Amino acid sequence: RCYESAEFEMDQSTQEQLLYAVNYGKVFLATAQRAEFDLLEMSRTIKAQKVLREEAIARATSIEQMKILGKEENMIRILMRYKMHYVALQLSKILGYSLNARPQILTNWACCKLETSLPDDALCGIIRQNLLGEKGISFSDIAKRAQAINKRELAVKLLEFEPLVWKRVPALLMMRNYEKALIEAIKGQNADMLDFIVHKLMRGGEVSKAYELITDQRFAIAAENLIRYFRDFRIEGLEECLLTLRRKNDLGQLKYKEAWASNNLPNRTELMERSVMLYKEAPEKDRDPFVIGAIEEYLHISKTMDQRFKTSKKLIGRPVMANLKMLLEGGDFRASEDFKELCKIPDKRYMYQRIKVLVEKRKLDELEKFVNEKNSKGLIPFEEIAELLIENKEERAAELYILKINSKEVEKQVYYLKRINRLRKAYELALSAKKFDLLEELLPIVEESTLIEDIQRALSARR
């Protein structure tokens, strides 16, 4: 009864007497019953009531009323509405409000302080003195409020105290202070903020301002962000952007890609020449001699093909080896050899491709003639020719080239003969070279009875 009465009592001294009675009476209660009386919470509420009853506020409330009103967000909102920030701080300490309550109250206090007639320097000093050591203060919110009431210089000064770059930069952009925003983003080494600034400038129609800032040597690092914006969102403006930023290497690369995307030979050649010129105009330290050389070589090849080959329109834009194969399949061996010299195709690769085409076309007489004339140095091993013939189901021709494999490499000869089912010949070669281990490998796959007897006899004779 004393506990309930204290909740509704308005006189503080009577409340205290009732609580003393409750505290005394708890001694005679069981432990489970004592838990019903939260004297610590009630003591805090009484202290809060005392603060509200002071002359400056003069609000008499019961404990029951405090329970209804005392939700953290309600109490803080009401006190800040009447600019009672000191009282709000006292109550947040007494009632144990969350850690966010104090920064919220102090930020609101600073925003209200901005509306006074004090000079900007004095206001900045007062706010800095009272808030700089506090945790969780949003100086960017205070600066935005200063901007809203046309105290722009004060807003910029206040932002200097904001420790978080992702809060400073948006606030500076809201003030249209793009230069300061770039300085802060670069100083904070925050690439995301640089992207954010570029997007804000471009989507806000500040294209000329973006170029003016980023061509400044101090903000050169943001050039990559601007180029990336054009590549991702405004590809039609990328060329102008690269020209403005004097990025000759990147512009050369752009023209090179455009050239490969074009199916028109004269247009492709023109774009390639433009690409080479741009690469050469780039600063010497940025030039890539390999890229320049590769494009020039391609130009030389394409121009020569246009002059020397009737099939040049078909050749342009295709892989080198595909072009060579097309010439060989057409039977134009003179043109294929010219193409080989033009494109600097190695002799071995050229010969292999020619042999492959002859095998696929089933021109075995021409193949034999070509191998005898051109392959005297053994650039293409006979086993590779045999492999091509086996793949194309030409076992009889394959056998001829298998037998031409160096006699010291009996293992290879036997391997290929086994693949085309020439087991008798494999047996003869293995026996002649006294490779009995090869005979043992042959025995399980042989079906001809006479050959089985011959192999078994040879193996027995060895023993």
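A salt bridge here is a side-chain nitrogen of Lys or Arg within 4 Å of a carboxyl oxygen of Asp or Glu. The views below come from a predicted model. By this rule, the count comes to 29 salt bridges.

**View 1. Arg422 forms a salt bridge with Glu399.** The closest N and O atoms are 2.9 Å apart. This pair links distant parts of the chain, 23 residues apart. Arg422 sits in the loop between helix H28 (410–419) and helix H29 (423–432). Glu399 belongs to helix H27 (residues 395–402). Arg422 has a relative accessible area of 26% and is partly exposed. Glu399 is buried, at 18%. The cut-off for buried is under 20% relative accessible area, so Glu399 falls on the buried side.

**View 2. Glu448 forms a salt bridge with Arg424.** Here the closest N and O atoms are 3.7 Å apart. Glu448 lies in the loop between helix H30 (436–442) and helix H31 (449–462). Arg424 is in helix H29. The pair therefore ties together parts that are 24 residues apart in sequence. Glu448 is partly exposed, with a relative accessible area of 42%. Arg424 is also partly exposed, with a value of 29%.

**View 3. Arg228 forms a salt bridge with Asp195.** The closest N and O atoms lie 3.1 Å apart. Distant parts of the chain are linked by this pair: its residues are 33 apart. Arg228 is in helix H16 (residues 223–233). Asp195 is in helix H14 (residues 191–203). Arg228 counts as partly exposed, at 37% relative accessibility.

**View 4. Four residues are linked in a network of salt bridges.** The members are Arg168, Lys180, Glu184 and Lys187.

**View 5. Helix H10 packs with helix H12.** H10 spans residues 139–148, and H12 spans residues 165–174. Their axes are 9 Å apart. The packing angle is about 5°. Angles under 35 degrees count as roughly parallel, so H10 and H12 are roughly parallel to each other.

**View 6. Residues of H10 meet residues of H12.** On the H10 side are Ser140, Lys144 and Gln147. On the H12 side are Lys167, Ala171 and Met174. The contact residues divide into 2 nonpolar, 2 polar and 2 charged.

Terms used. Residues are numbered from 1 along each chain as its sequence is written. This is a predicted model: local features need pLDDT of at least 70, side-chain atom pairs count only at pLDDT 80 or more; totals for chains, interfaces and linings use all residues. Side-chain values use heavy atoms; hydrogens and water are left out. Axes are lines fitted to C-alpha atoms, for helices over the stretch in contact, and angles run from 0 to 180 degrees between N-to-C directions. Helices (H or I, at least four residues) and strands (E, at least two) are DSSP runs, numbered from the N terminus. Angles under 35 degrees count as roughly parallel, over 145 as roughly antiparallel, 65 to 115 as roughly perpendicular and the rest as oblique. Contact means heavy atoms within 4.5 Å. Ala, Val, Leu, Ile, Met, Phe, Trp, Tyr, Cys and Pro count as nonpolar, Asp, Glu, Lys and Arg as charged, and the others, Gly among them, as polar. Buried means under 20% relative accessible area, exposed over 50%, partly exposed in between (1.4 Å probe, protein chains only).
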